[in-house]
Every structure is written in structure tokens, then in C-alpha cells.
Amino acid sequence: MKLFLSIFAFVLLGLNCANAASVIGSVNGKPITDSDITARTELMTRQGKTSTNNRKQAFQNIVDDYIKLDYASNYNVKPNDKDAESELKKMNLGDMTETMHSMALLAVRANIAWNVVMSRTIVPNIETTKADIDQERTE
């Protein structure tokens, strides 16, 4: 019986360590796992974005997405599932694993939220004149 309990405890400890090891970082308490980064890297590849540092870029994109969504929540901007799914379908990314789908939705939600925040905060403060536009055209 002791042997069985020892093996059971060892297996449980091993499973917990394996899961803990896959968390690469977190943003405001939201974990970013190795699986998330792998899924985002695959999505980037499907979109034609290939480079030697895709994993680093994927990690940074996930961090940015969480920060954008958290910031947008300060303005009560929370993209709904229907809008995010609609935008995701337009991207034609093909069959996706559950993690890939989750990462794609995160990116779409962050993009929608960030565009709304920018249109509410930055765009109203931009002032241009016809002279400014004409000057840019000549340069």
C-alpha cells in the first residue's frame, strides 16, 4: 500500500511539475504557456510571417494582447465573442487546434479593443489642415 501511495504521489508531483514548467510568463495573473506560444507561432506562419525569432515575437504579441485588453477595459471596451468570431472567420486560417483558436481569438479581441480605444482617445485629438495634407503630398 505504501508503494502504491508513493507511486501515486510521485505521478501527481510529476504532473504538477510538468504543468508548472510549461508556464513561460504571465500578464496580470493570466498565464502564458509554451503551448500558447507554439500556437501563436503557427498562426503567424499561416499568415506568412516567418522569421528567425518567431517564438520571441509570438510571446511579445501575446503579452501585448493582454495589455491592450486590460487597458481597453478601463474604457469599458470588451469585444464580444460574436464580433471576434466573425473577424476570425474572415482570416481563413483553416483548421485550428483549441489552443490556436484561443490565441487567434485573443489577438482578434485585442485588435478590436485597441482600435476602439484609439478611435476614442487619439483620433479626436488629431488636427490636420488642408495645407498639412498638401505639404505631405509634395514631400
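**View 1. Helix α3 passes helix α5 in a left-handed crossing.** A crossing is left-handed if the near helix is turned anticlockwise from the far one by less than a right angle, and right-handed if clockwise. The model is predicted: local features need pLDDT of at least 70, side-chain atom pairs count only at pLDDT 80 or more, and totals for chains, interfaces and linings use all residues. Residues are numbered from 1 along each chain as its sequence is written, and side-chain values use heavy atoms, without hydrogens and water. Helices (H or I, at least four residues) and strands (E, at least two) are DSSP runs numbered from the N terminus.

**View 2. α3 (residues 54-73) packs against α5 (residues 98-121) at an angle of about 45°, the axes being 8 Å apart.** α3 is therefore oblique to α5; angles under 35 degrees count as roughly parallel, over 145 as roughly antiparallel, 65 to 115 as roughly perpendicular and the rest as oblique. Axes are lines fitted to C-alpha atoms, for helices over the stretch in contact, and angles run from 0 to 180 degrees between N-to-C directions. On the α3 side the contact (heavy atoms within 4.5 Å) is made by I62, D65, Y66, K68, L69, Y71 and A72. On the α5 side, M103, L106, A107, R109, A110, A113, W114 and V117 take part.

**View 3. R109 and D81 form a salt bridge at 2.3 Å, N to O.** A salt bridge is a side-chain nitrogen of Lys or Arg within 4 Å of a carboxyl oxygen of Asp or Glu, and the structure holds seven of them. This pair links distant parts of the chain, with R109 in α5 and D81 in α4 (residues 81-90), 28 residues apart. R109 is partly exposed because its relative accessibility is 22%; buried means under 20% relative accessible area, exposed over 50%, partly exposed in between (1.4 Å probe, protein chains only). D81, at 49%, is also partly exposed.

**View 4. In α4, the side chains of E87 and K90 meet in a salt bridge of 3.1 Å, N to O.** E87 and K90 are three residues apart in this helix, so about one helical turn separates them. E87 is partly exposed at 34% relative accessibility, whereas K90 is exposed at 58%.

**View 5. D134 and K130 are joined by a salt bridge of 3.4 Å, N to O.** Both residues lie in α6 (residues 130-138), four residues apart, about one turn of the helix. D134 has a relative accessibility of 31% and counts as partly exposed; K130 is exposed, with 61%.
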